[in-house]
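Let us walk through a protein model step by step. Keep the sequence and the 3D view open as you read.

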Amino acid sequence: MSSPMAADATKFLLSDLVSSHPKYVPSKYIRPVSDRPDLLNVETSNATIPVIDLQGLAGPNRSQVVEEIGLACQNDGFFQVRNHGIPMDVIEGMLHVAKEFFHLPESERLKSYSDDPKKTTRLSTSFNVKTEKVSNWRDYLRLHCYPLENFVDEWPYNPLHFRQAVGEYCKNVRELALKLLEAISESLGLEGGYMVKALGKQAQHMAINYYPPCPQPELTYGLPGHKDPNAITILLQDGVSGLQVLGNGKWVAVDPVPQTLVINIGDMMQVLSNDRFKSVLHRAIVNNTSQRISVPTFYCPSPDALIKPAEAVVGKEHPPNYRSFTYAEYYEKFWNQGLQSASCLDVFKVT
Ligand SMILES: O=C(O)CCC(=O)C(=O)O
């Protein structure tokens with residue numbers, strides 16, 4: 001049933017639009033029938049997404065763990081990690097201030113609002129409100145996080161411990177990203193430092209996603225199917241399900257497993273590995289009872305980094321599938337194209 005309620009044009013953020021607990025989804029969030037989540041047609045066991053114990057990376061079993069990581073990047077594009085090295089209190093602190101932030105009064109949150117994707121710190125809604133036709137059931141705070149000292153003073157100072165808790169999480173998650181990039185390089189037969197070097201000065205972006213309860217979750221998405229633009233993503237979820245990954249033509253729910261984080265390959269890693277590793281479609285669905293918070297960290301090249309398939313993975317049998325390009329060139333396309341299943345990589349392909 002479509003909505004009798006028009007979206008309240010005076011509200012910038014979804015959280016404030018739904019604070020009156022509407023019974024129906026406003027029309028601008030309703031997807032065409034052919035593009036709805038089909039919630040009953042989802043694989044509910046996430047047993048198909050490998051769980052890798054990272055403890056072994058530091059010991060004599062390193063090569064075995066490296067191989068597991070390589071296989072997961074190749075076959076699934078997604079995996080979960082336990083014993084990742086980020087202390088539980090840091091994770092809890094991150095989720096705590098995230099939740100507090102989205103429950104601040106509207107006037108306080110709006111101090112961070114911007115619809116300009118070029119801003120390095122901004123609160124926004126949906127994906128790109130300037131270009132999209134249908135909205136997504138999400139508000140998000142986007143932060144640049146590396147080098148931390150360049151950005152932390154732009155971040156919200158309310159709630160009180162926000163900068164401290166998020167900064168601590170960012171430092172820890174960067175350590176994990178470096179550990180994973182080293183293992184990923186080795187799994188491709190490259191020297192351990194290859195991927196970090198390929199990312200130039202590197203960048204680390206974070207989204208704090210807030211998905212309010214939705215009265216008609218079958219009509220809309222938190223985020224529709226998309227691939228990530230960056231090199232690797234490290235996702236922290238609160239205890240509420242919502243992430244789904246496309247595997248063998250079927251959507252698979254990746255329900256939160258305590259003390260694990262979800263890792264996925266982004267488009268830049270797909271290029272660097274010359275398609276050995278795949279950047280996979282994933283989406284966030286919403287539900288009608290619980291709010292959900294997820295915190296993806298996007299580990300990226302710096303804008304000027306020249307991205308191309310690693311020389312050691314190309315050869316006569318495997319010619320390069322992509323021309324070289326800067327991350328800035330690609331990233332602009334990503335934000336302008338909007339979230340959709342078509343890859344932004346096509347224009348960089350060697351035909
Ligand atoms: O909320 C999630 O689980 C997925 C988030 C995501 O894919 C994104 O922010 O790009």
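Predicted model: local features only at pLDDT ≥ 70, side-chain atom pairs only at ≥ 80, totals over all residues.

Next, find the open sheet. Eight strands form it, in the order S2-S3-S11-S8-S13-S6-S5-S4, and the pairing is mixed. Strand S2 (51-53) and strand S4 (121-125) are the edges, since each pairs on one side only. On average, neighbouring strands of this sheet are turned by 25 degrees against each other, direction ignored.

Helix H2 (residues 62-75) touches S2, strand S3 (78-82) and strand S11 (261-265). The direction of H2 makes about 160 degrees with that of S2. Helix H3 (residues 88-102) touches strand S5 (139-146), S6, S8 and S13. The direction of H3 makes about 115 degrees with that of S13.

**An enclosed strand**

Now turn to S11. Five of its five residues are buried, so S11 is largely enclosed by the rest of the structure. Both of its faces are covered. Leu261, Ile263 and Ile265 lie on one side, with Val262 and Asn264 on the other. S11 pairs with S3 in the antiparallel sense over four bridges. There, Phe79 has Ile263 as its bridge partner. Four bridges also join S11 to S8, again antiparallel. Here Ile232 stands opposite Ile265.

**A helix with two faces**

Finish with helix H9 (residues 327-337). Which of its residues are buried? Tyr327, Tyr330, Tyr331 and Phe334 are. They cover an arc of only 100 degrees around the axis, which puts them on the same side of H9. The general rule is simple: an α-helix has 3.6 residues a turn, so residues three or four places apart point the same way. The cover over the buried residues of H9 includes helix H8 (267-272), S13, strand S14 (306-307) and strand S15 (325-326). On the face turned away from the buried side, Ala328 and Asn336 are exposed. After H9 comes Gly338, with a positive phi near 85 degrees.

Note on methods. Residues numbered from 1 in each chain as written. Buried ≥ 20, exposed ≤ 12 C-beta atoms within 10 Å, placed from the backbone. Arc of directions from axis to C-beta. Contact = placed C-beta atoms within 7 Å. Pairing = 2+ DSSP bridges. Axes fitted to C-alpha atoms, helices over the stretch in contact; angles between N-to-C directions.
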